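Visitor: I am new to this structure and would like to learn how to read it. Could you walk me through it, one feature at a time?

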Amino acid sequence: MHNPTWWKEAVIYQIYPRSFKDSNGDGIGDLRGIIEKLDYLADLGVDILWLSPIFQSPNDDNGYDVSDYTAIMSEFGTMADFDEMLEKAHARGLKILLDLVVNHSSDEHRWFREARKSPDNPYRDFYFWEKEKPNNWGSFFSPSAWEYDEQAQAYYLHLFSKKQPDLNWETPALREAVYNDMRFWLDKGVDGFRMDVIPFISKHLDWPEPAGKEGQLHVKMWSRGPRLHEFLREMNEEVLSKYDITSVGEGIGVSTENVADFVHPDRKELDMLYHFDHAIIDHGPGGKYDPVELDYARFQQIFKDWDAKVEEGSWINIFLDNHDFPRLVSRFGNDKEYREESAGLFAILLLTMRGTPCIYQGTEIGMTNVAYPTLEDYDDLEIKNVVAQTKKNGGDLDKLLQAVHRQARDNARTPMQWTNEENAGFTTGEPWLKVNENYRKINVDAARKDADSVWYFYKNLLEYRKENKTFVYGKTEFFDTGNSRLFAYRRYDIEGDFIILLNMSDEVLDVPTEIVNEDYERIFSNYRYRPELTDEKLQPWEGRIYSHYMAEIMSIIGNRQSVEKKKPKKKKKRNYRRRK
Ligand code: ISL
Ligand code: CA
């Protein structure tokens, strides 16, 4: 039997504060906006709120460039607002995860301002300095990972933008400073951290010159440097283990072969992490802005391979979109004819696959990608960099715009759609990033007035998951359906036995009776009460959960022994367990 663990049972909801809710009309989401929406989040039924960075920052990368780890970004509010938010969240049973961005700081952090002053400044070794460019590494947000600093008279390393210099974890004083900043928040009562690009914190100090073009990204090489696990163990020992909290690693560059090194309980490093395998599944030979067609067979295989690692004792997160990726319904589903259907289908995948689910803001109402008319409409520094490079190389800007429509991080960063009022009820002012025009139709208000909406589907499934711990602790069995567009798996243990069928296509498919025999009863469908719903056929993008009748009876009467081994009379079909 399993040990009950709160962060395995919990569902995470990620807030991108800049785009969540603006409380004061300046067009930028803020902490008081989050406070306003705590009841909404509690009502939806999530457990943990992960806030993208809320710390003081010049916002070169929307807060992923921190200039003071223990101060609140002035645009987001004050420390008093934070304290109030934390208290009110806890009062509603919601936990708070902060975003720890300590692979790099902002160049405006005091440490960096000191470090660049002179070679013997006490903060010098908080960063990496080299007299000559030691290699041809590229950076995520600029052509080179090395930038010459006039004042320092040396090059510094930045794997992300040049305003995000990499911190040097080799320096014990830097590590101690980071641990202190972490303690500051944990002592206030926050419930843990999501850790940004954490596999990058240890570097190959011989600065190997990678094969390949100048300016290429070398995620594999940067991830899992020689001292990474030593640093993580130290952080755990010094900080994490002293509190009843949890930790989520952003598992960039982590694979099934090495995930256990991070999250197996014996390692005492992190509780869980999310990998990138399906998140980069459509990146082509030229990277994310050179996308290729989605391979659904591989998509299925990825979930299968990772679940095998969970079976061996590692724990992971299940996510399908976040602030760095396109909207899941536009990317993996069909955001045109079957928007609500595919949004519902992926709700089932998120909430029934083994791992701690992460729901990204807006996904609970099936928000979609945006397609701004020009490249200049986009805000993300990543796009600005790609546009500059494409111009420099005389590349095709129309083709780039198409790719940006499909892949941009800003797809996920458009303001949350609350109502059909101007600017989607996000702000009374001018939003920092234009709202998606479809807010008149897709918004929280409308969704909550419609019992058949994606929003209610999430709410009901969240509640059902809470009642059925089999989805958390049960084993997984994957079925080969012979169709890359039909995903089928079973979650089962002594308390429950469920089969999940997901038709990831625009076609009507036969229900595979060899998988779902007559002992299984349909209890959830994202087609709910619609006339086209039948036992034998799966509608386009229909997802179903079936429950074994014996397990179902036992879950109702709660006692296996007293059940007669006789199939009951056909029960009335329920597509929602409980309809409110
Ligand atoms: O979105 C990406 C670039 O196309 C990702 O590769 C992303 O850079 C990577 O997932 C790391 O993400 C995290 O660190 C970045 C920040 O920009 C992202 O928002 C954050 O999630 C640097 O801090
Ligand atoms: Ca504001």
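Guide: Gladly. Let us begin with a term: a residue is called buried when its relative accessible area is under 20%, and exposed when that area is over 50%. Please keep in mind that this is a predicted model.

Visitor: Then let me try the term out. Is Ile-28 buried or exposed?

Guide: Ile-28 has a relative accessible area of 10%, so it counts as buried. Asn-24, at 52%, is exposed.

Visitor: What polar side-chain atoms lie by the oxygen atoms of ligand 1?

Guide: One belongs to His-104, at 2.9 Å from an oxygen atom of the ligand. Glu-250 has a side-chain N or O atom 2.8 Å from a ligand oxygen, and for Arg-409 the distance is 3.0 Å. Taken alone, ligand 1 exposes 490 Å², and the protein buries 95% of that.

Visitor: Arg-409 is a name I will remember. Which residues is Asp-380 in contact with, leaving aside its neighbours within four places in sequence?

Guide: Arg-409 is one of them, together with Asp-410 and Arg-413. Asp-380 sits in the loop between strand 13 (356–360) and helix 13 (381–392). Its relative accessible area is 2%, so Asp-380 is buried. A fold can also bring together parts of the chain that are separated in sequence: Asp-380 and Asp-60 are 320 residues apart along the chain, yet their C-alpha atoms are separated by 9.0 Å.

Visitor: What should I know about phi angles?

Guide: Most residues other than glycine have a negative phi. Here, Ala-424 has a positive phi, near 60 degrees. Ala-424 lies in the loop between helix 14 (397–407) and helix 15 (444–448), and at 0% relative accessible area it is buried. Trp-541 also has a phi near 60 degrees. Trp-541 is in the loop between strand 19 (537–538) and strand 20 (543–548), and is buried at 2%.

Visitor: Where does Ser-342 lie?

Guide: Ser-342 is part of helix 12, which covers residues 339–352. It counts as buried, because its relative accessibility is 0%.

Visitor: One last residue, please. What does the side chain of Asn-468 reach?

Guide: It reaches the backbone oxygen of Tyr-464, at 2.9 Å. Asn-468 is in the loop between helix 16 (454–467) and helix 17 (470–473), and, with a relative accessible area of 7%, Asn-468 is buried.

How values were computed:
Residues are numbered from 1 along each chain as its sequence is written. Chains are lettered from A and ligands numbered from 1 in the order in which they are written. This is a predicted model: local features need pLDDT of at least 70, side-chain atom pairs count only at pLDDT 80 or more; totals for chains, interfaces and linings use all residues. Side-chain values use heavy atoms; hydrogens and water are left out. A polar contact is a pair of N or O atoms within 3.5 Å; within protein, one must be able to donate a hydrogen and the other to accept it, and residues adjacent in sequence count only if both atoms are side-chain atoms. Accessible areas come from the Shrake-Rupley method with a 1.4 Å probe; for residues, only the protein chains shown count as cover. Buried means under 20% relative accessible area, exposed over 50%, partly exposed in between (1.4 Å probe, protein chains only). Helices (H or I, at least four residues) and strands (E, at least two) are DSSP runs, numbered from the N terminus. Contact means heavy atoms within 4.5 Å.
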